[in-house]
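Trainee: I am new to this structure and would like to learn how to read it. May we go through its features one by one?

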Amino acid sequence: MFNAILLNKNEDGTTDARLTQLDDAQLPADGDVTVRIDYSTINYKDGLAITGKSPVVRKWPMVPGIDGAGEVIASSHPDWKAGDAFVLNGWGVGEVHMGCLAQRARLKGEWLIPRPAGMSAKTAMAIGTAGYTAMLSAMALQEHGVTKDSGEILVTGASGGVGSVAIAILSGWGYRVVASTGKLAETDYLKSLGAADVIDRTELSAAGKPLQKERWAGVVDAVGSHTLVNALAQTRYGGVVTACGLAQGMDLPGSMAPFILRGVRLLGIDSVMAPKARRIAAWQRLATDLDAAKLDAITHEITLADALSKARDIIEGKVRGRLVVNVNA
């Protein structure tokens, strides 16, 4: 038997989430690698699944947890053997396949990547999907020609997981980063991560003009809706905007003006189904380029039991940085 958070759908459509015990017979039969989970995380998507605030879960019952790190227990997949250290992000785990907010999981070997040498399971989950997505976003800016001399980089949703790690990465690379947040009380925290300036999210969150004063050479947006539209409207000629989140909304209530009059490029960042080679490249750069001290400042460790209440906190915007779940505590 092992501990796990289990989600069931009630007759009225609400979600029942509880800490319980499962056995190996309840793990998915379509996995070819059985793993011990040492650490997981609570991401925004996990918060939606546990609280039932959005129809994230599409198969019931479900163990949530889109991220996991630990060691292989048994494998019939040729790339994995007992004792191998792994990282998992995405692939529908925690949505249509039982996830990693548990002490054990059965996964598909093709979904796993080797944990970078010297990186602990806790560190991997302190990074998690949020940090991995931040790295994919930062890499996209670089690959599309945005250099540290191009101008300021805007990071929205700055006090969240993606935003916090993006600030740490980009400032470490020498970029001048401006953080947008609804939590101005976190200004000192954001500057400790490397933000050169902090602005109130209300400057971006309401409807604005199709074209505004040019400011940003690049943008990492985790918010969407009007915030993303305003960021586009303020991006300099030829600038690059990456979009990876929808905390404000999934809509894009803007115009074509930034694209056809300023040549602004909007890049979608998908972490869920990204190819394996791209994942490995991102994780290798996280292992070498992310300041460990800044990561410690971002991270809060909790237990599986804590995860139930913290899921609601993350949806309500009450969480700063990253929540790391020690599933054995």
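Mentor: Let us begin with a single residue in this predicted model. Glutamate 152 has a relative accessibility of 16%, so it counts as buried, the limit being under 20%.

Trainee: With which residue does glutamate 152 form a salt bridge?

Mentor: The partner of glutamate 152 is arginine 176, and their closest N and O atoms are 2.3 Å apart. This pair links distant parts of the chain: glutamate 152 belongs to strand S8, while arginine 176 sits in the loop between H3 and S9, 24 residues away. Arginine 176 has 40% relative accessibility and therefore counts as partly exposed.

Trainee: How many salt bridges does the count come to?

Mentor: The count comes to 16 salt bridges. One of them joins arginine 104 to aspartate 24, with 2.8 Å between the closest N and O atoms. Arginine 104 lies in strand S6 and aspartate 24 in the loop between strands S2 and S3, so this pair ties together parts that are 80 residues apart in sequence. Arginine 104 is partly exposed at 29% relative accessible area, and aspartate 24 is partly exposed at 32%. A further salt bridge pairs lysine 318 with glutamate 316, at 3.0 Å between the closest N and O atoms. Here lysine 318 counts as exposed, with 57% relative accessibility, whereas glutamate 316 is partly exposed at 43%.

Trainee: Where is glycine 151 found, and is it buried or exposed?

Mentor: Glycine 151 is found in the loop between H2 and S8. Its relative accessibility is 18%, so glycine 151 counts as buried. Apart from neighbours within four places in sequence, glycine 151 is in contact with Arg176, Ala217 and Arg236.

Trainee: How many of the residues of H5 are buried?

Mentor: Nine of the 10 residues of H5 are buried, so this helix is largely enclosed by the rest of the structure. The cover over its buried residues includes S8, S11, S12, H6 and S13. Serine 225, which lies in H5, is buried with a relative accessible area of 4%. Beyond neighbours within four places in sequence, serine 225 is in contact with Gln248, Gly249, Asp251 and Pro253.

Trainee: What volume does the second largest pocket have, and which residues are closest to its centre?

Mentor: The volume of the second largest pocket is about 210 Å³. Of the 14 residues lining this pocket, Thr123, Ala126, Ala292, Leu295 and Asp296 are the closest to its centre. H2 gives the most to this lining, with four residues. By class, the lining of the second largest pocket has eight nonpolar, three polar and three charged residues.

Key
Residues numbered from 1 in each chain as written. Predicted model: local features only at pLDDT ≥ 70, side-chain atom pairs only at ≥ 80, totals over all residues. Heavy atoms only, no water. 1 Å grid on protein atoms, 1.4 Å probe; cavity = no way out; pocket = protein on both sides within 12 Å on 5 of 7 lines; lining within 4 Å. Points joined across faces, edges and corners; volume = space filled by probe spheres on them. Helix = DSSP H or I, 4+ residues; strand = E, 2+ residues; numbered from the N terminus. Nonpolar A, V, L, I, M, F, W, Y, C, P; charged D, E, K, R; others polar. Buried < 20%, exposed > 50% of the residue type's maximum accessible area, 1.4 Å probe, protein only. Contact = heavy atoms within 4.5 Å. Salt bridge = Lys/Arg side-chain N within 4 Å of Asp/Glu carboxyl O.
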